[in-house]
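I opened the notebook to look up a few features of this structure one by one. The entries follow in the order I went through them.

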Amino acid sequence: DLFHAGSLGAGIPKTICTNVLGSGLIPKPQIDFEVLGIDEETARTIQKKIVREWKIFSKECDALRRDNLEEIQQTALMSQLINGDVGISIQYSLRKGERYGTKVLVIEADRIDTPPDKTSNPNIRKGVEFGELGEIVAYHVYDKHPSDSGAKVSKRVEAYTKDGLMNFWMLLDVERVGQYRGVPVIAQSIEKIKQLDRYMNAELMSAVISGM
């Protein structure tokens, strides 16, 4: 509410997002050509190719065919700051005219939750499933936001593929041992920010009444 109402709370995550990402994070490869056994000129050529391929991938990687990778970074970080965490799903779909089939899909935190029929499972907490050693093995993701109308279906998504590659993970800042979900960046200041909003609105209303 503090964010979407356009209050002081909206400025905090936006400022952090701008300072952290700017126009977006991009690679600047520095190949150790001596370790690879190649000459320096060959290394420069490879580095330039990596940057060119990254730009192509950035334009093709959005599963929704809407944003480039830099814009996805902005969306993901902003969602993490507001909700405390955000899900990132890696998918594969090679569409016509594209070079890369790897796709990135940002999943809103509210869609990740424990299904009603699995609430008694001690190995699942708020949609995060973990193994015997405490390692995260899967996430339970709903196909719709809780506020959307219609039936909602939960799907178990493995955290890693059979080849050990990351398939789904959550961006969050871990502050304590055993934490599986994140905390919004302004959680500790919500009450003070709300009181300050009310004070500013009261001052504004007082000025309007005095002017009348």
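**Cysteines.** I started with Cys17, which is buried because its relative accessibility is 1%. This is a predicted model, and I keep that in mind for each entry below. I looked up the closest cysteine sulfur to that of Cys17 and found it in Cys61, 16 Å away, which is too far for a bond. A disulfide would need the two sulfur atoms within 2.5 Å. Cys61 has a relative accessible area of 0% and therefore counts as buried. For the structure I noted 0 disulfides.

**Sheet.** Next I traced an open sheet of 3 strands. I wrote down its order as E2-E1-E7, with antiparallel pairing. Strand E2 (102-107) and strand E7 (168-171) are at the edges; each has a single partner strand, so one side of each lacks a neighbour in the sheet. On average, neighbouring strands of this sheet are turned by 25 degrees against each other, direction ignored. I then looked at the pairing of strand E1 (residues 86-92) with E2, which is antiparallel and runs over 6 bridges. As a reference point in that pairing I took Ile90, which stands opposite Val104 in E2.

**Salt bridges.** How many salt bridges does a search of the whole structure find? I recorded 10. I followed up some of them individually.

I began with Glu98 and Lys103, which form a salt bridge with the closest N and O atoms 3.0 Å apart. Are these two partners buried or exposed? Glu98 counts as buried because its relative accessibility is 18%, and the cut-off for buried is under 20%. Lys103 is buried as well, with a relative accessible area of 1%.

I moved on to Glu129, which forms a salt bridge with Arg156; here the closest N and O atoms are 2.9 Å apart. This pair links distant parts of the chain, as Glu129 lies in strand E4 (residues 128-130) and Arg156 in strand E6 (residues 154-158), 27 residues apart. Glu129 is buried because its relative accessible area is 14%. For Arg156 I noted 39% relative accessibility, so Arg156 counts as partly exposed.

Arg156 came up again in a salt bridge with Glu158, where the closest N and O atoms are 2.6 Å apart. Glu158 is partly exposed, its relative accessible area being 38%. I also noted a network in which salt bridges with shared partners join Glu40, Glu41 and Arg44.

**Surface patch.** I found a nonpolar surface patch of about 580 Å², made by Leu204, Met205, Val208, Ile209 and Met212. Met205 counts as partly exposed because its relative accessibility is 48%, and the cut-off for exposed is over 50%.

Key: Residues numbered from 1 in each chain as written. Predicted model: local features only at pLDDT ≥ 70, side-chain atom pairs only at ≥ 80, totals over all residues. Heavy atoms only, no water. Patch = residues over 30% accessible without salt bridge, like charges linked within 9 Å, V, L, I, M, F, W, Y side chains within 5 Å. Areas by Shrake-Rupley, 256 points an atom, 1.4 Å probe, with all protein chains shown as cover. Salt bridge = Lys/Arg side-chain N within 4 Å of Asp/Glu carboxyl O. Buried < 20%, exposed > 50% of the residue type's maximum accessible area, 1.4 Å probe, protein only. Helix = DSSP H or I, 4+ residues; strand = E, 2+ residues; numbered from the N terminus. Pairing = 2+ DSSP bridges. Axes fitted to C-alpha atoms, helices over the stretch in contact; angles between N-to-C directions.
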